[in-house]
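Welcome to my notebook. Here I jot down what I looked up, one entry at a time.

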Amino acid sequence: MISRDKTPSAQETFMQMAQAAGLRGRLFVTIGILLLIRLGIYIPIPGIDRVAFSAAMSQGNNSLAGILDIFSGGGFSALGVFTLGILPFINASIIIQLLTAAIPSLEKLQKDEGEAGRRKISQITRYVALGWSIVQSIFISSVWLKSFALNFGPVFVFETTLALVAGSMFVMWASEVITERGIGNGASLLIFLNIVSSLPTTLGNAFTSAQVGGREEAGKVIILLVLFLATIVGIVFVQEGMRRIPIISARRQVGRRVLAEQRSFLPLRLNQGGVMPIIFATAILSLPSLIGNFTQNPQISSFVSTYLNPGGSQWWAYALIYLFSIVFFSYFYSSLIVNPVDMAQNLKKMGSSIPGIRPGKATSEYLERTINRLTFLGAGFLGLVAIIPTVVERALDTGVFRGFGATSLLILVGVAIDTAKQVQTYVISQRYEGMVKQ
């Protein structure tokens, strides 16, 4: 267990990043690729009436489209070659994770074949991302952009689909390069960058609305800003919260030495799934909208705009469905990444046990109860974080932050915490390597 004084401070972290060639190189790779991806978003797709498209985007009131535009870093509104961005890869990862729990062969690859199995699953995920990007690109070019094409036809659909698919595959490759040779998780950092890029516009609209709307509108904006700050504090508290289950290691004899009984703890996070349950729920709720747009069915479109839209007349139905979806996927994702039976068996193999709990089945049942309680608390927090801003905006009758909600905040804070921890891990490892060389 590392004590607090071993954790490098922020100043020491930046000094180490400036001095260590390996860490500095990873940082430059990460920044360079992120800047390249931002540049690619604004490389336009040819053959589109930009004036008519911009007018339609500015008049649209689809909140789901606004959320997707934020996650793509403005890619949907800019309509560049990186319009899809990392979204097909995220969707493919969700699909593979769902199939892993249902298909025994994939579960065997993940659990029993170690690194080779994980590489095979990663390769399958890439193929699924390719297929998903083709489906999305065909839909965008043949349905969504049909009324904005200067010369609509098979050639336009083929060229636009090819450009969108190529851009999506390049972004996926870039995210993997960041993961392997940079700092942090590439896919998460790309989403982080896309959300951050929308902050200046969102804050600018909020301040403009406060200035133009008078004291009443300014008060609403201040209330929402305070709510967002409180949400950030709550996110940090829950993301870092964990239950430490005490563990006792039995006395062992190694040669002539007798190792005394050791005490440690088993950390169980309060929020096991991170932001994945919210991403799962958002993906599921977006399916009816995509189906309605593809089939041009007025009944489906009316149902989606009324009941599955936070800006619709029956927004409370959307909030409830969203809440229950997050709770369901929190339990589902927790069951994928945490297995109480395997944890109990590993403790038994190491000669460790939980005080007052018999090894084996009793330990697995105790861990399962504890994990279920933690998941319930974490799922409730995620659900409240996701729907409270919508409820407050509806109560205040304002939409200055519509599209940028607590979901975006949760992703920003979660990715920032994980990346900062990885940087600190590099700093600590570099420090110990320097001590060994000395």
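Entry 1: I began with phenylalanine 152, which is partly exposed, with a relative accessible area of 34%. For my own use I noted the cut-offs: buried is under 20% relative accessible area, exposed is over 50%, and partly exposed lies in between (1.4 Å probe, protein chains only). Phenylalanine 156 counts as buried, at 6% relative accessibility. I found that phenylalanine 152 and phenylalanine 156 form a tilted aromatic pair, with 6.0 Å centre to centre and 55° between the planes. Rings of Phe, Tyr and Trp (its six-membered ring) pair if their centres lie within 6.5 Å; planes under 30 degrees apart are stacked, over 60 edge-to-face, and the rest tilted.

**A note on the model.** I am reading a predicted model, where local features need pLDDT of at least 70 and side-chain atom pairs count only at pLDDT 80 or more, while totals for chains, interfaces and linings use all residues. Residues are numbered from 1 along each chain as its sequence is written, and side-chain values use heavy atoms, with hydrogens and water left out.

**Entry 2: other rings.** How many aromatic pairs does a search of the whole structure find? I wrote down five. One of my stops was phenylalanine 328 with phenylalanine 332, a stacked pair at 6.4 Å centre to centre and 15° between the planes. These two are four residues apart in helix α14 (residues 315-337), so about one helical turn separates them. Helices here are DSSP runs (H or I, at least four residues), numbered from the N terminus. Phenylalanine 328 is exposed, with a relative accessible area of 52%. I also saw that ring pairs join Phe82, Phe170 and Trp173 in a cluster.

**Entry 3: a charged pair.** I looked for salt bridges (a side-chain nitrogen of Lys or Arg within 4 Å of a carboxyl oxygen of Asp or Glu). The whole structure gave me one. Arginine 126 and glutamate 176 meet in it through their side chains, at 2.7 Å from N to O. This pair links distant parts of the chain, 50 residues apart: arginine 126 sits in helix α8 (residues 114-144) and glutamate 176 in helix α9. Arginine 126 is partly exposed, with a relative accessible area of 24%.

**Entry 4: two helices meeting.** Last, I checked helix α9 (residues 154-181) against helix α10 (residues 186-197): they pack at about 115°, with axes 7 Å apart. That makes α9 roughly perpendicular to α10, a label used for angles of 65 to 115 degrees.

Conventions:
Axes are lines fitted to C-alpha atoms, for helices over the stretch in contact, and angles run from 0 to 180 degrees between N-to-C directions. Angles under 35 degrees count as roughly parallel, over 145 as roughly antiparallel, 65 to 115 as roughly perpendicular and the rest as oblique.
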